[in-house]
Amino acid sequence: MSKDIREILKNNVENTERLSTNHRQRFQQKLLDELHATPSTKKTYQWLYIAASIVLLVSLGIQLYPTNTVAPITELPKETQNQISLGAISPELKTVEDYYVNTINYELSQLELTDDNKELFDGYLTKLGELTKEYKSLTEELNTKGINDDTINALIGNLQLRLQLLKRMQKQLQEFKNPTQNDIQTI
């Protein structure tokens, strides 16, 4: 039943289809034309890759470029962590203290220190340092004398003064930066 294909091909040797006489030459010509054809001109976007790389490098450079900003006030030293602070008295006072400390840190981070405004900046930072020392002494007083309304009000007042001082410094730095706008507003 099954037949061997070799025997079928041997028996059926007759090949009725004949190739044209110049078939081989036409085939070789098509093959040569196909192999040696000029490549199609593809649009290269090499310049676009270079431009994208430059934009990426510039944006990374801007992002990582160091700026002269003041470091925010961090947590209190370890020796004062075991002491009673304004936030340890009640949750409401902790909220008030956190609000002022976070706002002060935010305002400090927004200031830009340049060579032109360094003297003004140093003057305000000296005043802020004095207020911070006073805040620490008030905290020590809170621990030694105990909790009383006068000390709590003094601590809150100190935080308010520091924030007002920063706002005033920010306003003066803005005026220092744009003196022509101030002259126009005074007229």
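Helix α8 covers residues 149-177 and has 29 residues. From its first C-alpha to its last, α8 reaches 42 Å, close to the 42 Å expected at 1.5 Å a residue. This is a predicted model, so its confidence values come up further on.

Stay with α8 for a moment. Its buried residues are Thr 151, Ile 152, Leu 155, Ile 156, Asn 158, Leu 159, Arg 162, Leu 163, Leu 165, Leu 166, Met 169 and Leu 173. An α-helix has 3.6 residues a turn, so residues three or four places apart point the same way. Arg 162 lies over the face of Tyr 135, at 5.0 Å from the ring centre.

Lys 127 lies over the face of Tyr 124, and the ring centre is 5.4 Å away. Pairs between aromatic rings are another matter. The count of aromatic pairs comes to 0.

Now turn to helix α6, residues 91-110. Helix α6 has 20 residues and reaches 28 Å between its end C-alpha atoms, close to the 28 Å expected at 1.5 Å a residue. Buried in α6 are Leu 93, Glu 97, Tyr 100, Thr 103, Ile 104, Asn 105, Glu 107 and Leu 108.

Is Leu 142 buried or exposed? Leu 142 counts as buried because its relative accessibility is 1%. The C-alpha atom of Leu 142 is separated by 7.2 Å from that of Ile 84, although the two residues are 58 apart along the chain.

Step back to the whole protein. There are 9 helices and 0 strands. From the N terminus on, the elements run α-α-α-α-α-α-α-α-α. Of the 187 residues, 19% are buried. The protein exposes about 15,800 Å², and carbon and sulfur atoms supply 55% of that area. Take the contacts between residues at least 6 apart in sequence: 76% of them join residues at least 24 apart.

How far can the model be read? The mean pLDDT is 76, and 80% of the residues reach 70 or more. Confidence is highest in helix α2, residues 23-35, at a mean of 87. Confidence is lowest in helix α4, residues 78-81, at a mean of 47. Over residues 76-81, pLDDT stays under 50, and the model has 3 contacts beyond four places in sequence for them. Where pLDDT is low, the predicted coordinates should not be read in detail.

Methods
Residues are numbered from 1 along each chain as its sequence is written. This is a predicted model: local features need pLDDT of at least 70, side-chain atom pairs count only at pLDDT 80 or more; totals for chains, interfaces and linings use all residues. Side-chain values use heavy atoms; hydrogens and water are left out. Rings of Phe, Tyr and Trp (its six-membered ring) pair if their centres lie within 6.5 Å; planes under 30 degrees apart count as stacked, over 60 as edge-to-face and the rest as tilted. A charge sits over a ring if NZ of Lys or CZ of Arg is within 6 Å of the ring centre and within 35 degrees of the ring normal. Helices (H or I, at least four residues) and strands (E, at least two) are DSSP runs, numbered from the N terminus. The expected span of a helix is 1.5 Å times one less than its number of residues. Buried means under 20% relative accessible area, exposed over 50%, partly exposed in between (1.4 Å probe, protein chains only). Contact means heavy atoms within 4.5 Å. Accessible areas come from the Shrake-Rupley method with a 1.4 Å probe; for residues, only the protein chains shown count as cover. pLDDT is the predictor's confidence in each residue, from 0 to 100.
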